[in-house]
Amino acid sequence: MKNEALYNYLLRLGDDSLILGQRLAEWCGHGPILEEDIAMTNISLDLIGQAMNIFDYAAEIEGNGSDHDKIAMLRYEHQYVNTLLVEQPNKDFAFTMVRQFIFDAFRKPLYELMQNSKDKQLSAIAEKSLKETKYHLKHSSEWVIRMGDGTEESHNRAQKAVDDLWRYADELFFQDDVEKSLIENGILPKYDEVKQAWQQTVEAVMNEATLQIPTNGWTFGGGRIGRHSEHMGFILAELQYMQRAYPNMQW
Amino acid sequence: MVTREAILGWLEEVSDPEIPVLSVVDLGVVRDALQVGEQWIIVITPTYSGCPAMKVMEQSIREKLTEKGLPSVEIQTILSPAWTTDWLSENGKIKLREYGIAPPENEVDKSVLFSEPTVVPCPQCGSRNTGMVSQFGSTACKASYQCNDCKEPYDYFKCLK
């Protein structure tokens, strides 16, 4: 395949959006208040829409009649290359918002810098997605502050979420030959610049929220090369159910 | 002889399925109509990446142009330049307010973190004593607000730049 590195990167980028979108959609009808039910499903819709644009481009590179639905619905678990962070279960609202915040704080500078990509379509996807991501980050950061600097109960839950999720954050900056070759060719931004911006956002918000960032350096990874936590299979069972039960079905 | 202007004029009769007072032209979703040889290409751009109304708009554009004698137009979706509420026509903003949806305020691109919600006047009574209920509303493009004077809840077509 021509452009194999870009294809593999698009799966990593798109799978993060798709799986987090699927996780957020699980809140539909279960939100703590109606407005948040609507907010989480709105954000889910944006993420799934972004995944669709990303997979459209991947399908174009792949050729052979591939399309965004085949990429999203018909791979096996080890072929998904999302980070472990996005597949973590929703647990409570604090956990969901902290997970979202860690992710949004990464996606905003990523898309900002990716707008300068030498690859025109990737730059267009970044430009489009950035506008939506700003609203997501605004929403998740405000909730992290509200809960962290809120009651004893909300603070403890938010702090527990930070303690549990922090070990998954580093995988967002995973680089192997795929990313390295794209960075070298000016298709992806330099990751240290993304990480610096991410760190500033995280520290500023956690500080305002009176939450402590864990100092333990232990981190988890594996998702980027298709090694997932036990949660992934359950997500796919639900995500892929219709296509597996009724192959090629259309709405 | 079909002209670009005629096509764009016809598309003003195609409405957004979620906000029927707006046409796809008012909304800024239709970017252009181009002729390549005998083929007309209608260039559109999504408002939000996951907007479910896009498919319906595409279908409605085809139906309208078929009705006008152009059955085989090609519809091309582009992502860049990315859609912005700046493209909403002035006429569109007036129609939105009359329909009960507050049109986008001309917000400067303020910082994402630690910023206060935008003040959006009530489309019913004009009061500026209003409050944001949620940044996310009934569709991707709207936020929920409530007027503290007339007490009416309303949608705000949120600014996207």
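Mentor: Two strands pair if DSSP finds at least two bridges between them. Keep in mind that this is a predicted model.

Trainee: What makes strand S2 (residues 39-44) of chain B and S3(B) a pair?

Mentor: Four bridges join S2(B) to S3(B), and the two run parallel. The definition asks for at least two bridges, so S2(B) and S3(B) pair. In one of these bridges, Ile41(B) has Glu74(B) in S3(B) as its partner.

Trainee: Where is Thr85(B)?

Mentor: Thr85(B) is in the loop between strand S3 (74-77) and helix H3 (90-99) of chain B.

Trainee: What makes strand S4 (101-102) and strand S5 (130-134) of chain B edge strands?

Mentor: Four strands of chain B form an open sheet with mixed pairing, in the order S4-S7-S6-S5. S4(B) and S5(B) each have a single partner strand, so one side of each has no neighbour in the sheet.

Trainee: How do you know that S4(B) pairs with strand S7 (residues 153-157) of chain B?

Mentor: Two bridges link S4(B) and S7(B) in the parallel sense. The definition asks for at least two, so the pairing counts. Ile101(B) stands opposite Asp155(B) in S7(B).

Notes. Residues numbered from 1 in each chain as written. Chains lettered and ligands numbered in written order. Predicted model: local features only at pLDDT ≥ 70, side-chain atom pairs only at ≥ 80, totals over all residues.
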